[in-house]
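The model is a predicted one.

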Amino acid sequence: MVAGGGVLLFASYWLIFYFTTDDGLLGGSRNAALNALPALALALLVHLVLDKAVWTRGMGFTQLLHVPLSLGFAVLWYLAIGVIGALQNGSLTQALAVRPFVPVAFAWQMFQGVTFYAVAALASLCIHLHGRLAVLESGTQGVLRQPPFMLLKTEEGTERISHDKIVKISGAGDHTEVSLRTRVVASATSLAQFEDLLPDAQFIRAHRSHIVSLAAIERSEAAGNGRTTLHLVNGSTVTTSRAGTRALREATV
């Protein structure tokens, strides 16, 4: 979007110079580039600043920042045109002693600068919102794609187990035990693999040796030293680690 605005700005300047001066095709293109390229470079800089440091702030703060940012954009664009024009026609010494625009031209240049800043800021906001929407959509699709069950390989074969039937999954030597509400199923799948497969919103790693379903917790009580004892719906208990207590606290509303 910013690049498209730069192309449109270049075309507008080229038409103005081509039909109002005697510079011809090449001269009009050079003068159009002299005005448009600094604006495009500044617009890209504006997008980086807005995307990283402004759009994530509150609305009031954002609105206040646009005033100095738009004026700064206009002034920098004006200075860039003057310096590049002097370098093009003379020397570095002349560039450092740039002759200012006449008042009317300066006022018009500032107006153009503030206006183009508004266009660049709007384009930046659209790009920022599009990026956030893409992240939200990918996250939502990931949740939707994740089935509410798993196919668990057991000694008898493969069994379909719904997530809401799981109470806890515990490490037991060279295998794991999947505790359901009415029975326990042995599995060769590791706890780390289960942790990757299960949805974070429904399960927590309560301990190095235990993954617990939040829906299976009937009550909890402090166990001292930053740990917590969880009483589960199947009558079993799990004492969390300190990290498990923090995970439980983060999942508690």
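## Second largest pocket

Two helices, α1 (2-20) and α5 (103-145), each contribute at least two residues to the lining of the second largest pocket. The space in this pocket comes to about 250 Å³. It is lined by 13 residues, and those closest to the pocket centre are L9, S12, Q112, T115 and F116. The numbers by class are set out below.

| Class of lining residue, second largest pocket | Number of residues |
|---|---|
| Nonpolar | nine residues |
| Polar | four residues |
| Charged | no residues |

## Aromatic side chains

How many aromatic pairs does the structure hold? There are four. A cluster linked by ring pairs is made up of F73, W77, F116 and Y117. Elsewhere, R160 sits over the face of F149, with a distance of 4.0 Å from the ring centre.

## Chain as a whole

The chain contains seven helices and ten strands. It has 253 residues, of which 34% count as buried. Which share of the contacts between residues at least 6 apart in sequence joins residues at least 24 apart? In this chain the share is 47%.

Conventions: Residues are numbered from 1 along each chain as its sequence is written. This is a predicted model: local features need pLDDT of at least 70, side-chain atom pairs count only at pLDDT 80 or more; totals for chains, interfaces and linings use all residues. Side-chain values use heavy atoms; hydrogens and water are left out. On a 1 Å grid over the protein atoms alone, a cavity is a set of points where a 1.4 Å probe fits but cannot get out, and a pocket is an open set with protein on both sides within 12 Å along at least five of seven lines; lining residues have an atom within 4 Å of a point. Grid points are joined across faces, edges and corners, and a volume is the space filled by probe spheres set on the points. Helices (H or I, at least four residues) and strands (E, at least two) are DSSP runs, numbered from the N terminus. Ala, Val, Leu, Ile, Met, Phe, Trp, Tyr, Cys and Pro count as nonpolar, Asp, Glu, Lys and Arg as charged, and the others, Gly among them, as polar. Rings of Phe, Tyr and Trp (its six-membered ring) pair if their centres lie within 6.5 Å; planes under 30 degrees apart count as stacked, over 60 as edge-to-face and the rest as tilted. A charge sits over a ring if NZ of Lys or CZ of Arg is within 6 Å of the ring centre and within 35 degrees of the ring normal. Buried means under 20% relative accessible area, exposed over 50%, partly exposed in between (1.4 Å probe, protein chains only). Contact means heavy atoms within 4.5 Å.
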